Amino acid sequence: MIDKNKTYIVMGLLDPDSIAYAVGKTIERFGGKVIFTAQDARMKRLFLDRSKKLTDEEKASLDIRFCDITVEDEVRNLFADLDDVAGIVHSIAYVNPKTGLGEEFHTDAVDDLKVGFHISCVSLATVARHAYPKMTAGGSIVAMTFDTKHTFPFYNWMGVNKAAMEAVVCGLARRHGRDLIRVNAVSAGPLSTKAATNIPGFKELGQTWADNSPIPWDVMADKQAVADAVAFLIGPYSKKITGQILYVDGGASIIGGKMLDHER
Ligand SMILES: NC(=O)c1ccc[n+]([C@@H]2O[C@H](COP(=O)([O-])OP(=O)(O)OC[C@H]3O[C@@H](n4cnc5c(N)ncnc54)[C@H](O)[C@@H]3O)[C@@H](O)[C@H]2O)c1
């Protein structure tokens, strides 16, 4: 599933619940060498403090670097130090929950929206621009998205960012085909992580999946299914797949109306 001993950069580590952590551990299990990134030293400390189940030895074995994705020099420096990168996972998003999420879609906080757009969308292209010279043998970039075929309550401007980010995935796939670099996204159902629980109404999202998913969806346990799909897209078994959004959501996104009792 993964090219053994090759280097994979997994960006977006906050705590042991982060999708990035599940993805990184999955890539490692398949034999890949993983370099995680956290936004800054404080986030790395947060991760280590919250990783109560990890032994000191396990913590010490993790290669965690810093990269604030909005700081051009930090992205440049991250890749300047690396050679032969086989894959990159972009598992990063942010929008100010007070202005970009919530009961009211309208907001005049345009500066907040710009920051959210930069972090959640533009940064994927920034990463690709600095990474591709280090992916000399080709490779794969995978981003994380959330159902953009529907609008969801509270998700407001993050939904906008995700739709735009999916367009970036396609633009990058077209641009980097010549470099044999594939660019795709995994569209995950709701998972209980820090970013998700910051979304007002996350419980309702979980309920929507409980109501609408043909395959039962578990906001805790199904992180592994999502990580497995990322590992598939980042590795050699998805060689000719690029510019695609792979839905790993129990099938909820294809349901029209509601799932009825006799369908369960
Ligand atoms: N949890 C879900 O329900 C769900 C569903 C679908 C998609 N996703 C997506 O998965 C990805 C990972 O989210 P998660 O749920 O693991 O939450 P998370 O909070 O663990 O991860 C979000 C990460 O973004 C990082 N980040 C924010 N601003 C940054 C910046 N300026 N520079 C560098 N890093 C920055 C945070 O530090 C954090 O590590 C996001 O793109 C999210 O939208 C999540």
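**Close-up views of a predicted protein–ligand model**

View 1. Leucine 46 is partly exposed, since 17 other C-beta atoms lie within 10 Å; a residue counts as buried if 20 or more other C-beta atoms lie within 10 Å of its own, as exposed if 12 or fewer do, and as partly exposed in between, with C-beta atoms placed from the backbone. This is a predicted model, in which local features need pLDDT of at least 70 and side-chain atom pairs count only at pLDDT 80 or more, while totals for chains, interfaces and linings use all residues. Residues are numbered from 1 along each chain as its sequence is written. Leucine 46 belongs to helix H2 (residues 41-50), where helices (H or I, at least four residues) and strands (E, at least two) are DSSP runs numbered from the N terminus. Leaving aside residues up to four places away in sequence, leucine 46 touches Leu14 and Asp15, contact being defined as C-beta atoms, placed from the backbone, within 7 Å. From leucine 46 to lysine 6 the separation is 40 residues in sequence and 28 Å in space, C-alpha to C-alpha.

**View 2. The protein chain as a setting for the close-ups.** The protein chain contains ten helices and seven strands. Its radius of gyration is 18 Å, close to the 18 Å that the globule rule gives for 264 residues, so the chain is as compact as a globular protein of that length; the radius is taken over C-alpha atoms, and the rule is 2.2 Å times the number of residues to the power 0.38. Of the 264 residues, 43% count as buried.

**View 3. Helix H10 and its surroundings.** Helix H10 (residues 223-234) has twelve residues and reaches 16 Å from its first C-alpha to its last, close to the 16 Å expected at 1.5 Å a residue, the expected span being 1.5 Å times one less than the number of residues. Nine of the twelve residues of H10 are buried, so this helix is largely enclosed by the rest of the structure; among them are Val226, Val230 and Phe232. The cover over these buried residues includes strand S1 (7-11), helix H1 (19-29) and strand S4 (85-90).

**View 4. The largest nonpolar core.** This core has 72 residues, and those with the most contacts inside it are Val10 and Val230; a nonpolar core is a set of buried Ala, Val, Leu, Ile, Met, Phe, Trp, Tyr and Cys residues joined through C-beta atoms within 7 Å. H10 gives the most to this core, with eight residues. Valine 10 has contacts that include Ala20, Val23, Ile27, Phe36 and Val89, not counting residues up to four places away in sequence.

**View 5. The shell around the ligand.** The ligand is surrounded by 26 residues, of which the closest are Ser18, Ala93, Met144, Thr193 and Ala195; a residue is near the ligand if its C-beta atom, placed from the backbone, lies within 6 Å of it. H1, S5 and helix H8 (194-197) are the elements that give two or more residues to this shell, and the largest share, three residues, comes from H8.

**View 6. Two residues with positive phi.** Most residues other than glycine have a negative phi. Asparagine 5, in the segment before S1, has a positive phi of about 65° and counts as exposed, with 9 C-beta neighbours inside 10 Å. Aspartate 84, in the loop between helix H4 (72-80) and S4, has a positive phi near 50°.

Definitions and conventions: Contact = placed C-beta atoms within 7 Å.
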